[in-house]
Amino acid sequence: MMPSTNAAKESAVKMAAQKIAEKPVYIDTETTGLEKTDEIIEISIVDYDGSLLYTSLVKPSRPIPIESQRIHGITNEMVASSPSWPILWPTVRTHLYGRLIAAYNAPFDLRMMEQSHARYRLPWREKLNALDVLPLFSYFRGVWNPMRNSMKYFKLDEAREFFKIPLPNAHRSTADSLLTRAVLHSIAGLPF
């Protein structure tokens, strides 16, 4: 059953404002691909106020496929002298631990963190508190997808275009973290 688009939008606005009040960190990752064996090659964490807390390229355990390089522009040469995921994780964790983590398609970024652990046979014991901005924007837009029997999902760049946000969708982790923050603030009707 299709929910009322006005009720869905009002709910999204209210939830966005509530989550912003929790002062979340915003994350984005770039990866070697989308599959179950892929891993993080760049991560950025932006604080609630838009300041950059952390960003780093990550040296993967295997080469970056050319198809992925075409999307984000991160080459094997760029990550060659970067630290590996096990070296970066303690620092990344300190910025995430105990904080609400907002991301556009948060399940993907969380899965990639877990998969990056798995590539090095590290146990994943984290219970991270995440907000997925993607479905929140979908409820705000209120476009019903009868094939999925749910609201239609939109790409981050489509959310940027909808709100006329003057930030790039660069497929790089810092730019996309900042863009995610701007989308959440726009949903709540707040300046970013």
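Reader: Where is arginine 121 found?

Author: Arginine 121 sits in the loop between helix 5 and strand 5 (129-132). Note that this is a predicted model.

Reader: Why is arginine 121 called exposed?

Author: Exposed means over 50% relative accessible area. Arginine 121 has 80% relative accessibility, so it counts as exposed.

Reader: What makes the phi of arginine 121 worth a remark?

Author: Most residues other than glycine have a negative phi. Arginine 121 is not a glycine, yet its phi is positive, about 55°.

Reader: Which value does phi take in asparagine 149, and where is this residue found?

Author: Its phi is near 55°, again positive in a residue other than glycine. Asparagine 149 is in the loop between strand 6 (144-145) and strand 7 (150-151).

Reader: Is serine 116 buried or exposed, and how do you know?

Author: Buried means under 20% relative accessible area. Serine 116 has 1%, so it is buried. This serine belongs to helix 5.

Reader: What is serine 116 in contact with?

Author: Neighbours within four places in sequence are left aside here. Serine 116 then touches Glu39, Ile40 and Trp85.

Reader: What makes the pair of serine 116 and isoleucine 40 a polar contact?

Author: The cut-off for N or O atoms is 3.5 Å, and one atom must be able to donate a hydrogen and the other to accept it. A polar atom of the serine 116 side chain lies 2.9 Å from the backbone nitrogen of isoleucine 40. That distance is within the cut-off.

Reader: How do you know that strand 2 and strand 3 pair?

Author: Pairing takes at least two bridges. Strand 2 (residues 40-46) and strand 3 (residues 52-57) have 5 bridges, so they pair, in the antiparallel sense. Isoleucine 45 stands opposite tyrosine 54 in strand 3.

Reader: How many residues lie between the strands of this hairpin, and which glycine takes a positive phi?

Author: There are 5 residues between strand 2 and strand 3. Glycine 50 takes the positive phi, near 95°.

Reader: What space lies in the largest pocket, and which residues are closest to its centre?

Author: The space is about 670 Å³. Of the 23 lining residues, Glu30, Leu34, Asn105, Phe108 and His171 are closest to the centre.

Reader: Which element gives the most to the lining of the largest pocket?

Author: Strand 1 does, with 4 residues. Helix 2 (66-72), helix 5 (106-119) and helix 7 (156-163) each supply at least two.

Reader: How do the residues of that lining divide?

Author: They divide into 7 nonpolar, 9 polar and 7 charged.

Conventions
Residues are numbered from 1 along each chain as its sequence is written. This is a predicted model: local features need pLDDT of at least 70, side-chain atom pairs count only at pLDDT 80 or more; totals for chains, interfaces and linings use all residues. Side-chain values use heavy atoms; hydrogens and water are left out. On a 1 Å grid over the protein atoms alone, a cavity is a set of points where a 1.4 Å probe fits but cannot get out, and a pocket is an open set with protein on both sides within 12 Å along at least five of seven lines; lining residues have an atom within 4 Å of a point. Grid points are joined across faces, edges and corners, and a volume is the space filled by probe spheres set on the points. Ala, Val, Leu, Ile, Met, Phe, Trp, Tyr, Cys and Pro count as nonpolar, Asp, Glu, Lys and Arg as charged, and the others, Gly among them, as polar. Buried means under 20% relative accessible area, exposed over 50%, partly exposed in between (1.4 Å probe, protein chains only). Contact means heavy atoms within 4.5 Å.
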